[in-house]
Amino acid sequence: LGVEKQNRGQGWGVRLTTAAMAWFRQRRCRWIQVVTQEENLAAKKVYQEAGFRRKEASCCFHAWFDLIK
């Protein structure tokens with residue numbers, strides 16, 4: 001989930017998250033999990049406002065690859 005910089009702080013993150021949750025509920029999903037970086041305070045706030053609660057924290061390494069043609 002991402003919101004363009006110029007649209008941040010307007011509630012779009014919470015609206016998009018709750019819309020996604022409704023979509024999952026309509027399909028009878030009983031469990032939803034989101035993951036974000038510890039430093040991403042805005043994302044953590046959005047998820048908490050949408051009703052998510054922190055379950056655990058873990059440290060992981062990410063490697064980013066670019067396709068070179």
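This report describes the nonpolar core, selected residues, salt bridges and loop features of a predicted model.

## The nonpolar core

The largest nonpolar core of the predicted model has seven residues, namely V14, M21, A43, V46, Y47, A50 and F52. Two helices each supply at least two residues of this core: α1, which covers residues 12-26, and α2, which covers residues 41-49. The largest share comes from α2, with three residues. In soluble globular proteins, nonpolar side chains tend to be buried together.

When neighbours within four places in sequence are left aside, M21 is in contact with I32, A50 and F52. A50 and F52 are themselves listed among the core residues.

F52 is located in the segment after α2. Is this residue buried or exposed? F52 has a relative accessible area of 15%, and because the limit for a buried residue is under 20%, F52 is classed as buried.

Residues up to four places away in sequence not being counted, F52 touches T17, M21, I32, V34 and Y47. Among these, M21 and Y47 also belong to the core, while T17 has its place in helix α1. A further relation across the sequence involves Q33: this residue and F52 are 19 residues apart in sequence, and their C-alpha atoms are 8.3 Å apart in space.

T17 is situated in helix α1. With a relative accessible area of 6%, T17 is buried. Which residues does T17 touch, not counting residues up to four places away in sequence? They are L1, V46, Y47, A50 and F52. Of the residues in that list, V46, Y47, A50 and F52 are members of the nonpolar core.

The side chain of T17 also has a polar atom that lies 2.7 Å from the backbone oxygen of G13.

The relative accessible area of L16 is 39%, and the residue is partly exposed. T17, which is also in helix α1, is by contrast buried.

## Salt bridges

How many salt bridges does a search of the whole structure find? The search finds three. Two of them involve E38, which is partly exposed at a relative accessible area of 42%. In one, K44 pairs with E38, and the closest N and O atoms are 2.9 Å apart. In another, R54 pairs with E38, with the closest N and O atoms 3.2 Å apart. R54 lies in the segment after α2 and E38 in the loop between α1 and α2, so this pair ties together parts that are 16 residues apart in sequence. R54 is exposed, its relative accessible area being 55%.

The remaining salt bridge joins the side chains of E49 and K45, at 3.3 Å from N to O. E49 and K45 are separated by about one helical turn, because they are four residues apart in helix α2. E49 is partly exposed, with a relative accessible area of 48%. Through salt bridges that share partners, E38, K44 and R54 are joined into one network.

## The loop between the helices

The loop between α1 and α2 contains R28. Although R28 is not a glycine, it has a positive phi of about 60 degrees. R28 counts as exposed, at 73% relative accessibility.

Q37 also lies in the loop between α1 and α2. This residue counts as partly exposed, with a relative accessibility of 44%. The C-alpha atoms of Q37 and L16 are separated by 19 Å, and the two residues are 21 residues apart along the chain.

Definitions and conventions: Residues numbered from 1 in each chain as written. Predicted model: local features only at pLDDT ≥ 70, side-chain atom pairs only at ≥ 80, totals over all residues. Heavy atoms only, no water. Core = buried A, V, L, I, M, F, W, Y, C linked by side-chain atoms within 4.5 Å. Buried < 20%, exposed > 50% of the residue type's maximum accessible area, 1.4 Å probe, protein only. Contact = heavy atoms within 4.5 Å. Polar contact = N/O pair within 3.5 Å; in protein donor to acceptor, adjacent residues only side chain to side chain. Salt bridge = Lys/Arg side-chain N within 4 Å of Asp/Glu carboxyl O.
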